[in-house]
Amino acid sequence: MTYNISNKAKLVDRKPMTFMEKLYLPAIAKGLKITLGHMFLKKPTINYPEVQRPFSSTFRGLHVLNRDEEGREKCTACGLCALSCPAEAITMESAERLPSEIGLYKEEKYAANYEINMLRCIFCGLCEEACPKDAIYLTQTFAPANYNRKGFIYKKDDLLIPITSEMESNKLKNQSNQKATANTH
Amino acid sequence: MILLAISLSLILEKVVLISVILGASLGIAMYSTWAERKVAAIMQDRRGPNRAGPFGLFQPLADGVKLFMKEEIIPTVSSKFLFVLGPSIAMLMACMTSAVIPWAPDLVKADGSIFSFQVADINIGVLFIFGVVSLGVYGVMIGGWASNNKFSLLSGLRAASQAISYELAMGISLIALVMLTGSLSMREIVEQQHGFWADGWFTWNFFKQPLAFIIFIVCSFAELNRAPFDLAECESELIGGYHTEYSSMKLGFYLFSEYINMFITSIILSSLFFGGYNYPGMDTVAAHVSPLLFSIIGILVLLAKAVGFILFFMFIRWTIPRFRYDQLMNLGWKSLIPLALVNMLITGAVILYFFNDK
């Protein structure tokens, strides 16, 4: 007695081949038809390095540290990102801003060292949500491959966005404004 | 008294012709490897090699360089002389077959002498091809034996028995053709298929002997050791078969000879059954163009037919799974040989009773 609970079991057909099957040619023609059909199908492959698929709009990739419109670092080294990080990937050291560094850092406290270990990071985006100063953001790129583990520990230099010419001009404008107000007093 | 008058210019002509043919068949074999990968990719909805050069056209060069750079390993337990002899025979025999193939109609030069686009017009051309092709199996056999590896040895055995079984059917199917043409010379067989239509029927042998063609092409798959009859080198059972122990350019020779054989077989198929360099309306073409251009068109027509067959070989390879060994032998001995015999008998009877002018 055979059980056929799922109704999907199929008995193996062990009948001897018929004459048409023994000829092989009809089956071969059938096979050729199938492969011929595949010749004209659209290929699902994307030519990766030349063509890249767009990420989803909510993609969370590599972090950047933001600057304000005058090119000053926004981060105040409050440590909320490190606190929120479930993978404990972020470490930082804070320092106090000297009077000569006013143009470099936005607030009186800044991050002297800021490291994210990209091997630990799970790209959850909680640091971005935790940041009260809008200083850290997750971008649409991912960490490139590296030959050693040290290369995956991203320092401040790797994370900070570059100063644009717009920021420079803003900075100059602001400085001249300040000079002007100082002169009037 | 001069028994054998050989002019220097004739020797020169032949040397040039041989080098051109060898170079061309090597080049076409090279690009067959590229085409094979491309065809496979297209059938499997992939893209295939496209990194080296435009459309991956430099891929064969890269493959060749890779094979040359690889370490050359000769197993210590192998018999070294035979080990080197194996791929050499395979390559040599693959290159030799092209000698009797007529590539284009004879070219009458300005001074009235004739330039033949055939290295040697021997009157047993078909027999020569059979002899050389069956010698080619020795390359596989010797390679499999000399490797001192049980898989290679099994593969050599398989190749030999397969060749013997299928050569029979192949030869018998050709006997029917030879009865029809009354000649073993390749040149004459091709010349008889002149044009496309004459005396109320096609001139090409395919339309006169379709069954012989089917038997011949199935057997040539087996002779070429190509899928679905590539039992001598099946990766899944024999880990590469006779070339398991080979590396570097010796492996390259084996793989390459297979592609040269495929090209030559395609040429032979188109010469024997599809009219060789003949094409419909060639007489009007001959009247309008210069003799040299006419010959070149002939070569191109032959090559186009051969490329069609090569693509067909690849098409089959990537469609049909490998036969089991008993299926292979059953097909050869129980189907193809009786079919070929019946075909021969019917052809003989028809010629005797309907086309017997005496």
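In chain B, the axes of helix 8 (residues 210-223) and helix 10 (residues 248-272) come within 11 Å and cross at roughly 175 degrees. The two helices of chain B are therefore roughly antiparallel to each other (over 145 degrees). This is a predicted model, where local features need pLDDT of at least 70, side-chain atom pairs count only at pLDDT 80 or more, and totals for chains, interfaces and linings use all residues. Residues are numbered from 1 along each chain as its sequence is written, chains are lettered from A in the order in which they are written, and side-chain values use heavy atoms, with hydrogens and water left out.

- From helix 8 of chain B, Phe213(B), Phe216(B), Ile217(B) and Ser220(B) make the contact (heavy atoms within 4.5 Å).
- Their partners on helix 10 of chain B are Thr265(B), Ile268(B), Leu269(B) and Leu272(B).
- Six residues of this contact are nonpolar, two are polar and none is charged.

**Helix 5 of chain B**
- Helix 5 (residues 150-181) of chain B has 32 residues, which should span 46 Å at 1.5 Å a residue; its end C-alpha atoms are 45 Å apart, which agrees.
- Asn149(B) caps the N-terminal end, with a side-chain oxygen 2.7 Å from the backbone nitrogen of Phe151(B).
- After helix 5 of chain B comes Gly182(B), with a positive phi near 70 degrees.

- Ala77(A) has a phi near 55 degrees and sits in the loop between strand 1 (63-65) and helix 3 (80-84) of chain A.
- At 7% relative accessibility, Ala77(A) counts as buried (under 20% relative accessible area).
- Asp45(B), also not a glycine, has a positive phi of about 55 degrees; its loop lies between helix 1 (8-43) and helix 2 (59-69) of chain B.
- Asp45(B) is buried, at 19% relative accessible area.

Note on methods: Axes are lines fitted to C-alpha atoms, for helices over the stretch in contact, and angles run from 0 to 180 degrees between N-to-C directions. Helices (H or I, at least four residues) and strands (E, at least two) are DSSP runs, numbered from the N terminus. Angles under 35 degrees count as roughly parallel, over 145 as roughly antiparallel, 65 to 115 as roughly perpendicular and the rest as oblique. Ala, Val, Leu, Ile, Met, Phe, Trp, Tyr, Cys and Pro count as nonpolar, Asp, Glu, Lys and Arg as charged, and the others, Gly among them, as polar. The expected span of a helix is 1.5 Å times one less than its number of residues. A polar contact is a pair of N or O atoms within 3.5 Å; within protein, one must be able to donate a hydrogen and the other to accept it, and residues adjacent in sequence count only if both atoms are side-chain atoms. Buried means under 20% relative accessible area, exposed over 50%, partly exposed in between (1.4 Å probe, protein chains only).
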